[in-house]
Amino acid sequence: LGLQHQIGHSTQRIEDELMTLRGSIEKGIDGKSLKSHIEIIALENKKIATIAHFVTKANFNLNSVSITQDLVSFVVQYVENVYKNYPHLKVTRKLPTISVSHSGDLNFRLKFSPLEIVIIVDNLLSNAQKAGARNVKLDIAVNEGEFKLLVSDDGRGIPEDRLERIFDFGYTTTNGSGIGLYHVKQLVSKLNGKLKVSSGASGTSFLITLKNEPPV
């Protein structure tokens with residue numbers, strides 16, 4: 001029932017935004033105003049798609065606005081027990097080899113939205129697939145109250161002159177929508193975190209850094 005409510009909320013939001021977008025187009029509203037409607041529609045659509053993949057495997061309450069939990073175990077369990085078992089990836093054979101390693105304290109309690117963390121991970125792994133990666137590594141480290149997630153792939157690299165643009169709305173180097181990495185940047189910022197990217201001929205790496213006070 002909770003998931004149905006979330007899907008219902010997202011579909012209603014999409015419908016409302018589509019109607020507003022249609023009206024804006026008919027009135028000849030400028031592109032900057034139209035962009036905001038597209039951003040909302042894309043994010044709500046991603047939530048629905050993520051729930052559809054996640055629902056049969058989840059041991060988490062995705063409908064929670066936020067939970068306080070160990071972020072390390074959440075990410076590891078999601079990738080190992082859920083993402084690797086996405087039916088559409090198995091059928092289409094698009095799933096690269098994904099490995100997860102972790103070091104340090106391995107206890108980083110944080111208040112976060114499960115759905116937003118899933119969207120971040122999904123988008124980074126999806127980006128690696130679109131770049132033709134055959135291997136993706138997720139390295140998690142926690143030291144002195146700082147959480148770091150490094151996602152590295154061996155796919156097609158991103159030219160240096162394009163690195164600064166990949167988080168811009170609508171910009172893509174993989175024939176995608178150009179929306180996924182934009183959302184990742186927005187959601188990491190919402191957590192007061194930092195997101196860095198580095199790339200070369202041998203692949204691309206994304207580093208997410210989050211800070212938190214030690215748990216009481």
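## Helices α5 and α6

In this predicted model, helix α5 (residues 114–130) packs against helix α6 (residues 180–190) at an angle of about 145°. The axes of the two helices lie 9 Å apart, and the crossing of α5 past α6 is left-handed.

On the α5 side, the contact is made by Glu116, Ile119, Ile120, Asn123, Leu124 and Asn127. Helix α6 contributes Gly180, Leu181, His183, Val184, Leu187, Val188 and Lys190. Sorted by class, the residues in the contact of α5 with α6 are 7 nonpolar, 4 polar and 2 charged.

## Strand β7 and its partners

Strand β7 pairs with β5 and with β6. Strand β5 (residues 146–153) runs antiparallel to β7, and 7 bridges join them. In this pairing, Lys148 stands opposite Thr209 of β7.

The pairing of β6 (residues 194–200) with β7 is antiparallel and extends over 7 bridges. Here Val197 has Phe206 of β7 as its bridge partner. A hairpin of 2 residues links β6 to β7.

## Burial of β7

How many of the 9 residues of strand β7 are buried? Of the residues in β7 (residues 203–211), 7 are buried, so the strand is largely enclosed by the rest of the structure. Buried here means under 20% relative accessible area.

Definitions and conventions
Residues numbered from 1 in each chain as written. Predicted model: local features only at pLDDT ≥ 70, side-chain atom pairs only at ≥ 80, totals over all residues. Heavy atoms only, no water. Buried < 20%, exposed > 50% of the residue type's maximum accessible area, 1.4 Å probe, protein only. Helix = DSSP H or I, 4+ residues; strand = E, 2+ residues; numbered from the N terminus. Pairing = 2+ DSSP bridges. Axes fitted to C-alpha atoms, helices over the stretch in contact; angles between N-to-C directions. Left-handed = near helix turned anticlockwise from the far one by under 90°. Contact = heavy atoms within 4.5 Å. Nonpolar A, V, L, I, M, F, W, Y, C, P; charged D, E, K, R; others polar.
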